[in-house]
Amino acid sequence: MAEKEYAYFSGCSLEGTAKEYDESLRAVMKALGVNLVEPDDWSCCGSTPAHTVDHVFAAALAARNLTLVEKMNKDVLTTPCPSCLMAFKKAQYNMSRDEAFKGEVNGLLDEAYNCGVESKSSLQIIYEDIGLDAITARVTHIMPDLKVAPYYGCILSRPPDIAQFDDPENPVSMDKVLTAAGIQVQDFAFKMECCGAAFGVPKREMVNRLSGKVLEMAVDAGANCIAVACPLCQQNLDLRQEQVNKTTGSNYNIPIIYFTQLLGLAYGLSPKELGMDKVIVSADSVTRRITREEYEKIKAEEAAAKKPQKAKKEAAAEETNN
Amino acid sequence: MDTINLTEKTDWAFIEEVKNESGQNPSLCYQCGNCTAGCPYTQYFDYPVSMVMRLLQAGQKETILTSKAIWLCATCETCTTRCPCEVDVAHIMDTLRIIARREGKVSEKDIQLFYDSFLDSMKKHGRIFEMGILMGYKFKSGQFMGDAELGPKVMSKGKISLFPKTIKGADKVAQIFNRFQEKAKKHG
């Protein structure tokens with residue numbers, strides 16, 4: 001496989017409460033032959049708080065990082081965090097369409113940004129650039145007990161003009177990536193319903209109630225695990241799951257796992273290097289692994305056992321007909 | 001639904017201000033309610049988002065800027081995605097927050113405080129220091145016990161650092177803050 005290389009922006013959360021997202025993404029990208037290079041001395045994207053202050057200011061905080069990527073001579077930046085992604089995409093969108101705005105943003109920066117970087121989520125890179133066939137080819141293990149509800153969060157494919165990825169109402173990229181890795185996925189209605197976002201600290205109860213609805217919908221659909229692609233979603237659904245139970249009088253105990261961790265498990269990587277021990281609700285009970293060969297053997301035996309039964313039934317049916 | 005008392009006169013300058021700063025045309029809204037139907041936060045809003053749009057068309061500056069709705073919006077972009085008139089509603093909400101901040105009319109002080117703790121941390125270190133934000137927020141809000149039970153959980157997983165990591169270019173990031181503040185002062 002030809003080695004691919006991308007500028008990689010992990011973002012602040014992935015250095016702290018979402019460490020396992022960074023660890024698992026790096027491990028999976030390595031397994032897929034993708035090289036990730038971090039811009040030197042990157043800074044925070046500004047996220048939600050900056051855009052409550054000023055549009056130009058928010059774009060400048062994001063664009064400082066895009067300038068660093070331009071200096072690396074890279075034209076694609078990938079980030080696993082939807083919030084960083086949106087900050088970069090909005091800066092790019094507005095600066096490349098409005099010269100006056102671009103001038104104002106660059107007026108706040110030491111080094112001007114020339115709008116030469118396209119930002120893509122790491123999910124998009126895996127789905128589009130690596131592709132489903134390559135994802136399947138690398139699979140070594142099957143998790144037969146696992147039934148995953150893929151949860152995208154609000155902004156991976158929204159708003160469509162800026163996100164330029166997947167469907168804004170019913171995204172399928174994560175479903176397809178997980179399915180390609182031999183993981184059983186369960187469709188559910190709250191794929192994109194907001195978990196409560198960044199309000200966890202100042203508005204805890206509201207966030208607990210919104211997250212509770214997502215958990216409820218996934219559990220009702222029959223899933224025993226939720227796959228996520230956003231550090232904030234993960235935190236609200238996993239770290240705060242006990243709070244959700246207290247606030248809503250529920251009793252959820254469903255693991256919230258980054259889709260990259262699940263891919264890594266299907267690739268035979270160790271739970272430790274994927275940071276599986278860092279999530280609060282353990283996924284151990286649903287992530288039993290057997291090798292692909294073993295799994296295929298079991299399936300073949302099951303099919304063979306069914307055949308004589310089927311033949312017997314058909315023979316019996318024929319007899320009654322006669 | 002409550003009836004809105006349109007006691008304020010229509011503030012045409014305010015409508016222009018929002019138009020210019022957001023690049024959006026609020027008159028395009030024909031009150032279909034699609035944004036409100038999809039808004040995950042609507043049960044927490046004092047005015048549903050479609051009503052914020054109507055208040056904006058009527059130039060009800062004070063009511064809008066002091067509303068809780070504009071601060072409880074998480075920019076989930078559902079309204080923008082579904083608006084049949086292609087109004088970027090979430091961007092208008094964003095613009096309304098910016099104006100409310102500028103005019104010192106923020107109704108949800110805790111949310112503003114949390115955002116400010118975030119930005120303080122960023123200005124100081126160039127990146128976000130999660131523990132610092134939390135402590136800064138607790139100190140300023142006086143809510144010391146909120147989320148206290150989460151501390152041991154994150155600690156035991158080794159996910160949160162007790163000490164900030166400051167990037168080499170933290171001063172460059174701080175300069176973006178300073179230049180913006182100077183510019184804001186100049187323009188009043």
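This is a predicted model: local features need pLDDT of at least 70, side-chain atom pairs count only at pLDDT 80 or more; totals for chains, interfaces and linings use all residues.
Among contacts in chain A between residues at least 6 apart in sequence, what percentage join residues at least 24 apart?

View 1. Of the contacts in chain A that link residues at least 6 apart in sequence, 79% join residues at least 24 apart. The secondary structure of this chain consists of 14 helices and nine strands. Taken along the principal axes, the box filled by the C-alpha atoms of chain A is roughly 90 × 50 × 40 Å. Chain A has 322 residues, and 56% of them are buried.

**View 2. The contact between chain A and chain B.** Chain A contributes 40 residues to the contact, and chain B contributes 44 residues. On the side of chain A that touches chain B, at least two residues come from each of helix 2 (47-50), helix 3 (55-71) and helix 10 (204-220). Helix 3 of chain A gives the most to this side, namely four residues. Sorted by class, the side of chain A that touches chain B comprises 25 nonpolar, six polar and nine charged residues.

**View 3. Helix 13 of chain A, residues 259-266.** This helix is largely enclosed by the rest of the structure, because eight of its eight residues are buried. The buried residues of helix 13 in chain A include Phe259(A), Leu262(A), Leu263(A) and Leu265(A).

Notes:
Residues are numbered from 1 along each chain as its sequence is written. Chains are lettered from A and ligands numbered from 1 in the order in which they are written. Two residues are in contact if their C-beta atoms, placed from the backbone, lie within 7 Å. Ala, Val, Leu, Ile, Met, Phe, Trp, Tyr, Cys and Pro count as nonpolar, Asp, Glu, Lys and Arg as charged, and the others, Gly among them, as polar. A residue is buried if 20 or more other C-beta atoms lie within 10 Å of its own, exposed if 12 or fewer, and partly exposed in between; C-beta atoms are placed from the backbone.
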